[in-house]
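Please read these notes with the model open beside you.

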Amino acid sequence: MKYVLFFSLFLSFNAFSQSVIGTWKTIDDETGREKSIVEIYEENGKIYGKIIELLDKEDRGRKCSNCTGSDKDKPIIGMVVIRGLSKDGDEYNGGKILDPKSGKIYKCYLKLESKDKLIVRGYIGISLLGRSQKWIRIKR
């Protein structure tokens with residue numbers, strides 16, 4: 001019985017010690033299609049994510065025409081879309097996410113569903129008013 005309890009605690013601890021840092025394939029929550037590859041990284045203690053590849057050949061040269069401010073008309077490849085998240089227990093929150101399609105910026109949180117599956121939620125106001133996507137970790 002002791003071994004079962006220890007093993008369960010080890011697995012629980014191991015799941016929570018995983019990091020969101022890495023390379024992720026985004027899956028569109030409306031179409032189910034693979035859309036892009038995002039690199040999530042840490043800078044000055046905060047979590048950021050940038051698009052490093054667009055999977056649809058037709059989208060590869062696109063610029064963010066609907067964006068405002070410094071992102072206006074910038075190429076989507078290389079664009080930082082997740083900004084300033086902090087670790088809070090088993091999720092990352094307190095930052096923003098940019099939807100390059102609409103140009104809108106939302107509050108955001110990230111949570112690992114498993115080692116290789118990430119829940120990304122963008123929302124307005126409270127997290128109940130938003131959309132979630134599941135991203136899949138890829139090895140590069």
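The points below cover confidence, strand pairing, the nonpolar core and the salt bridges.

1. Confidence. This is a predicted model. The chain averages a pLDDT of 88. At least 70 is reached by 88% of the residues. Residues 1-16 need care: pLDDT stays under 50 there. The model has 2 contacts beyond four places in sequence for that stretch. Where pLDDT is low, the predicted coordinates should not be read in detail.

2. Strand 1 and strand 2. Strand 1 spans residues 22-27 and strand 2 spans residues 34-43. They pair in the antiparallel sense, over 6 bridges.

3. Strand 1 and strand 8. Strand 1 also pairs with strand 8, residues 130-138. The sense is again antiparallel, over 3 bridges. Here Lys-25 has Ile-136 of strand 8 as its bridge partner.

4. The core. Which residues touch the most other members of the largest nonpolar core? They are Val-20, Ile-40, Ile-82, Leu-110, Leu-118 and Trp-135, out of 23 residues in that core. Strands 2, 3 (46-54), 4 (80-88), 5 (91-99), 6 (104-114) and 7 (117-123) each give two or more residues to the core.

5. Ile-40 in detail. Set aside the neighbours within four places in sequence. Ile-40 then contacts Val-20, Ile-82, Leu-110, Leu-118 and Trp-135, among others. Its contacts also include Ile-21, Gly-22 and Trp-24. Ile-47, Tyr-48 and Gly-49 are on the list too.

6. Salt bridges, Asp-56 and Arg-33. The structure holds 10 salt bridges. One of them joins Asp-56 to Arg-33, with the closest N and O atoms 3.3 Å apart. The pair links distant parts of the chain, 23 residues apart. Asp-56 sits in the loop between strand 3 and strand 4, and Arg-33 in the loop between strand 1 and strand 2. Asp-56 counts as partly exposed, at 24% relative accessibility. Arg-33 is also partly exposed, at 44%.

7. Asp-59. Is this residue, Asp-59, buried or exposed? Asp-59 counts as buried because its relative accessibility is 14%, under the 20% cut-off. Asp-59 is found in the loop between strand 3 and strand 4. Beyond its neighbours within four places in sequence, Asp-59 is in contact with Lys-35 and Leu-54. Its side chain meets that of Arg-62 in a salt bridge, 3.7 Å from N to O. Arg-62 is partly exposed, at 33% relative accessibility.

8. Asp-71 and Arg-83. The side chains of this pair meet in a salt bridge at 2.8 Å, N to O. Asp-71 is buried, with a relative accessible area of 11%. Arg-83 counts as partly exposed, at 29% relative accessibility.

9. A network. Asp-29, Glu-30 and Arg-131 belong to one network, joined by salt bridges that share partners. Side chains of opposite charge can pair when their charged atoms come close.

Definitions and conventions
Residues numbered from 1 in each chain as written. Predicted model: local features only at pLDDT ≥ 70, side-chain atom pairs only at ≥ 80, totals over all residues. Heavy atoms only, no water. Pairing = 2+ DSSP bridges. Helix = DSSP H or I, 4+ residues; strand = E, 2+ residues; numbered from the N terminus. Core = buried A, V, L, I, M, F, W, Y, C linked by side-chain atoms within 4.5 Å. Buried < 20%, exposed > 50% of the residue type's maximum accessible area, 1.4 Å probe, protein only. Contact = heavy atoms within 4.5 Å. pLDDT = per-residue confidence, 0-100. Salt bridge = Lys/Arg side-chain N within 4 Å of Asp/Glu carboxyl O.
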